[in-house]
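Hi everyone, thanks for coming. I'd like to walk you through a structure that may be new to you, one piece at a time.

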Amino acid sequence: MACHAAGGELIIPGTGDGLEMLRQLGAAYSDKNPSTKIVFPISIGSGGGKISVAQDRAVLGRVAVPLTASDEAVGMVAVPIVRVPTVFFTHPSLRITNLSARQISDLFAGHIRTWAEVGGPDMRVRVVRREDADSTLQVLRATIPEWKELVITDRAKTAFTTQEAFEAVAQFDGAIGFGPYSPAVEQQFNVIKMDGKHPTSADYPSFTTIRLIFKRDRLTDEAKDFVNFAASAEAAQIFAGYGGVPERSSLLPAH
């Protein structure tokens, strides 16, 4: 079934990163353009977004990874719109507020097995990780030296979407995971500062870049207008409210 505009809807499938923020962006656009409802469905991953666009099932997709040469070979184009901090978070019952990058990597490697070893309760550490191809994990490996060649403990639970990671950490006392930052994450979980830096700090070291993708020859007027809205000052305010840093992308030319 096609994911492009039907009955005034523009459906944009893909990554779960920044979903709450993107939905607010879509609502703001629809407020200004009532004839077009922007829909960001639940995550099917960046790979799913690419497939939807490549197979012409969606005019626009959303991804948190760069395009590959094979993506570009089928005419796919990516426009970066916002960088979202990658956050480490625990079950809400844990009240540890700050850890070093080394302590965090040791937790995920399985070298630290109880929270008491880092000043917390005498409770077993339960690690929730993402699959190797996950965009957030790739960003951590690229931006945090301790993660470059980190071997994550084989006792970790693997989540295959952002939502699964959130659900797993919420389910288990002592659980720790990682994913894109949003105010909702801070409300639902215990967010950890890394080396004293909160994810919304200007010098926080790890970000995921969210991009809108499309084929130029398939881009509709409404899709182009939405891509340009994502580069507007109003969009930048929405992104900032979620800890995002807007990317200054060039506007797409009008038809």
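**A short tour, helix by helix and loop by loop**

Let's start at the cap of a helix: Asp 134 caps the N-terminal end of α5, with a side-chain oxygen 3.1 Å from the backbone nitrogen of Thr 136. Please keep in mind throughout that this is a predicted model.

Helix α5 itself covers residues 135-143, and its buried residues are Ser 135, Thr 136, Leu 137, Val 139 and Leu 140. So Thr 136, whose backbone nitrogen faces the cap, is itself one of the buried residues, because its relative accessible area is under 20%. What do the buried residues of α5 pack against? They pack against four strands: β4, β6 (126-130), β8 (175-180) and β10 (207-215).

Now over to helix α4, residues 101-109. Seven of its nine residues are buried, so α4 is largely enclosed by the rest of the structure. If you want to find them on the screen, look for Ala 101, Ile 104, Ser 105, Asp 106, Leu 107, Phe 108 and Ala 109. The cover over these buried residues includes β4, β5, β6, β8 and β9 (190-194).

Next, a pair of helices. Two packed helices are described by the angle between their axes and the distance between the axes. Here the pair is α1, residues 19-32, and α8, residues 221-229: their axes come within 11 Å and cross at roughly 120 degrees. The two helices are therefore oblique to each other, and their crossing is right-handed. Which residues meet there? From α1 we have Leu 25, Gly 26, Ala 28, Tyr 29 and Lys 32, and from α8 Glu 222, Asp 225, Phe 226 and Phe 229. Sorted by class, that contact is made of five nonpolar, one polar and three charged residues.

Let's move to a loop. His 91 sits between β4 (76-90) and β5 (98-99). Is His 91 buried or exposed? Its relative accessibility is 11%, so His 91 counts as buried. The His 91 side chain makes a polar contact with the side chain of Ser 93, at 2.8 Å, and another with the side chain of Asp 173, at 3.1 Å.

Now for some backbone angles. Most residues other than glycine have a negative phi, and most peptide bonds are trans. Asp 56, however, has a positive phi, near 60 degrees. You'll find Asp 56 in the loop between α2 (45-54) and β3, and it is partly exposed, with a relative accessible area of 31%. Asp 195 has a positive phi too, about 55 degrees, although it is not a glycine. Asp 195 belongs to the loop between β9 and β10 and is partly exposed, at a relative accessible area of 46%.

One last stop: Thr 68, in the loop between β3 (61-63) and α3 (69-73). Thr 68 is partly exposed, with a relative accessible area of 34%. How many residues separate Thr 68 and Ile 238 in sequence? They are 170 residues apart in sequence, and 29 Å apart in space from C-alpha to C-alpha.

Conventions: Residues numbered from 1 in each chain as written. Predicted model: local features only at pLDDT ≥ 70, side-chain atom pairs only at ≥ 80, totals over all residues. Heavy atoms only, no water. Axes fitted to C-alpha atoms, helices over the stretch in contact; angles between N-to-C directions. Parallel < 35°, antiparallel > 145°, perpendicular 65-115°, else oblique. Left-handed = near helix turned anticlockwise from the far one by under 90°. Contact = heavy atoms within 4.5 Å. Nonpolar A, V, L, I, M, F, W, Y, C, P; charged D, E, K, R; others polar. Buried < 20%, exposed > 50% of the residue type's maximum accessible area, 1.4 Å probe, protein only. Polar contact = N/O pair within 3.5 Å; in protein donor to acceptor, adjacent residues only side chain to side chain.
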